[in-house]
Amino acid sequence: MAFLDLNNNRMMIKYVLKSICALVFILTFQLNAQEFLTHKVEEGDTVEALSKKYKVSANQIYDLNPDSKKGLKVKSVLIIPNVKAVKSNAVKVTQNLEKFTTHKVQRKETLYSLSKQYNTTEEAIKKYNSFLYANELKKGDELKIPLFKTEVKNEVKSEIISEVKPAIITDSVLPNGKYRVKKSEGKWRIAKNFGITVEELEALNPQLVDGLKENDIINVPKIKNTEIPSTTTVAIKTYTVLPAEGFFRLSQKLGLSQEQLETLNPGLKETGLKEGMVLNLGAEKVKPTNEMILVENQATNLGSDISNKDRKKIAIVLPFRLNTIQTDSLSLAKNKLENDKLLTIALDFYAGAEMALDSLKKMNVKLDVKVYDTNNRESNSLDIANELLENETDVVIGPLMTKNFDALASKLSLSNIPVFSPLTKEVAFSSNVFQTRPNESFLEQKIINYIKKDSTAHIVILHDSKHEAVAKRLEKAFPNAKVLTTNRNKKNGSDQFFIYEATLSNALNTGKNYVFLETEEEGFVSNVTSILNSKNNQTNLDIVLATTNMNEAFQSDNVSNAQLSRLRLMYPSIAKMFKSSSATGFYKNYEAKYNETPSSYAVRGFDLTMDVVLRLLSNTSVYDNAKNNILTEYLENKFMYSELKTGGFQNNAVYLVNYNDLNIEEVQE
């Protein structure tokens, strides 16, 4: 990218780098997967002439290239169906990059002639010589030419006439210290059931080199009775009370009401809960009382328990809309990449996902990854779904947009192919749908649960008319709270988005005060934070600003970050922030590759892709994995799914963060 002005084109560098490193790679995947060709428009080309040349209908060209209806632009690139492509189940031809050679361009040489000379493609040459996306080939250019090794494999598909299963020993009771592996069980689940770590289980079974198989007899710790722990029974039967925990908190965590706990623990009614007290939870299963339980589990490292080593087929489906990007025109590409927010999100998310896949390769896992472009169309999503069914895909990440996701997921539900929604708030749930973005109610409940632990604090709820519903929910959670609204216009009752200092001051009590501010108006935020900061200096007041909905109003230039930090603004979030001073390898590698800090979308692309693949590899299916309530945490996101009664799975793992000395940090609970 030496031809770019680094100072004046930072945004351009950001996205063009990704378009060169990632978008072209995606295009190759997509065209190979859907068997398309590309055609660079020349002077005199018409859709009718091209339809005859490629033996396709004009409508097929229009469908793939909507802008062509307005006329063809010279040097623009069209996507053309490849009618000559022949699918074969018998032979598979693959090309693997073997090495590079250097070539100095001579007079009259073209990309086409060089591709024939070196038995490669024009696109492959451009991919490894990125300056060719914006400049014509000229004499004297020194090119890095990729050389590929072609492999041809026979793939004979035969019908399964019979399946020979190993003999199953019917006796269920084994000698103490022995355990028979059940279907779908991995090391982590067995270790947890016996109260040991995966490392300790491996030490007991040095023969477990290739992972676990159903009906394997393994060594486990000896227990006092012959009842073998089961995956259907909760292993934890006692619980040690933490500081400041009350019955409400325990009911949320354990799924047992105060009455149930007092029945199981005689004397508890008289003594109440005490720090360090060991509670009996009973022998029965501990089930949540509803679907909005926030369970604080210890994060699990799925990378240490890869028990499923079969090759997996992964699909990433995103709205790149490649047919609208003219990669041969630098100015047009720049305009598109700078102004198309959806494309920016898709590219960022994919850049992170690609780095996750690179990390997974180093773990020697076997993955076939295909990337598809929905063009942000429901019809394209349905076409992709058909191909995913044909390819027997194991898991799908995407699409991004709700209508496209719902269409694709619904089509795949009959084959039970799991589909993960990366970002959208709303999806149509079915048995194969994984909603990775926590529901807003989980976020709200997270901060309510935390503040409820501080029984001595005074609560103030301040809101505008648009946020009356959340104010009522907060008032129900905190019955003794003081509720205030923004000043209203006396003539029409409309919000004026400010409150008088005296009104807010009179609502505060001596000691600890949590002030909930529920608004999306930056002027109201600025007004309230200014008043609270002036009061927070008083020795008898300790004020913490809180909100259930962190939005742009709190991040406005008109709102002082210093004031928010002094008020220790607290809010729930689907992700936490990282500190650049403690940047991991991902951040450093990303900055080295793209010359910028990764966006939240790029980090989520990394985290979600890593989590989905590891869940797929750590058990026979992501469904079994999700039902085990396993909590995972990566760079900025964490995941723990609960199965919904209506079908599908919802991530309920959220963070609570606050401003601390101008940094945003996770609140330690």
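This is a chat about a predicted model of one protein.

User: What kind of model is it, and how are residues numbered?
Analyst: It is a predicted model, in which local features need pLDDT of at least 70 and side-chain atom pairs count only at pLDDT 80 or more, while totals for chains, interfaces and linings use all residues. Residues are numbered from 1 along each chain as its sequence is written, and side-chain values use heavy atoms, with hydrogens and water left out.

User: How many helices and strands are there?
Analyst: The protein has 22 helices and 24 strands. Helices (H or I, at least four residues) and strands (E, at least two) are DSSP runs, numbered from the N terminus.

User: How much of it counts as buried?
Analyst: Of the 669 residues, 48% count as buried. Buried means under 20% relative accessible area, exposed over 50%, and partly exposed in between, using a 1.4 Å probe and protein chains only.

User: Which residues touch the most others in the largest nonpolar core?
Analyst: I190 and F320 touch the most other members of that core, which has 64 residues. A nonpolar core is a set of buried Ala, Val, Leu, Ile, Met, Phe, Trp, Tyr and Cys residues joined through side-chain atoms within 4.5 Å. Helix α12 (residues 341-361) gives the largest share of this core, 13 residues.

User: Is α12 itself mostly enclosed or open, and why?
Analyst: Helix α12 is largely enclosed by the rest of the structure, because 17 of its 21 residues are buried. From first C-alpha to last, α12 reaches 30 Å, close to the 30 Å expected at 1.5 Å a residue. The expected span is 1.5 Å times one less than the number of residues.

User: Back to I190. What does it touch?
Analyst: Not counting residues up to four places away in sequence, I190 touches Y179, V181, E185, L201, L212, I218 and V220. Contact here means heavy atoms within 4.5 Å. There is also a second, separate core of 28 residues, which includes L504, L532, L545 and Y571.

User: Where does S505 sit, and how far is it from L532?
Analyst: S505 is in helix α17 (residues 501-507). S505 and L532 are 27 residues apart in sequence, with 8.2 Å between their C-alpha atoms. The side chain of S505 also makes a polar contact of 3.4 Å with that of K535. A polar contact is a pair of N or O atoms within 3.5 Å; within protein, one must be able to donate a hydrogen and the other to accept it, and residues adjacent in sequence count only if both atoms are side-chain atoms.

User: Different topic. How do β16 and β17 pair?
Analyst: Strand β16 (residues 511-518) and β17 pair in the parallel sense over six bridges. Two strands pair if DSSP finds at least two bridges between them. Y514 has V544 in β17 as its bridge partner. Five of the six residues of β17 (residues 541-546) are buried, so this strand is largely enclosed by the rest of the structure.

User: Is S381 buried or exposed?
Analyst: S381 counts as buried, because its relative accessibility is 0%. S381 is in helix α13 (residues 378-391), and its side chain reaches the backbone oxygen of R377 at 3.0 Å. Leaving aside neighbours within four places in sequence, S381 is in contact with T374, P399, N404 and L408.

User: Where is P399, and which bond joins it to G398?
Analyst: P399 lies in the loop between β11 (395-397) and α14 (402-413). A cis peptide bond joins G398 and P399, with omega about 0°.

User: Last one: what is phi of R568?
Analyst: Phi of R568 is near 50°, a positive value in a residue other than glycine. R568 is in the loop between α19 (561-566) and β18 (570-573).
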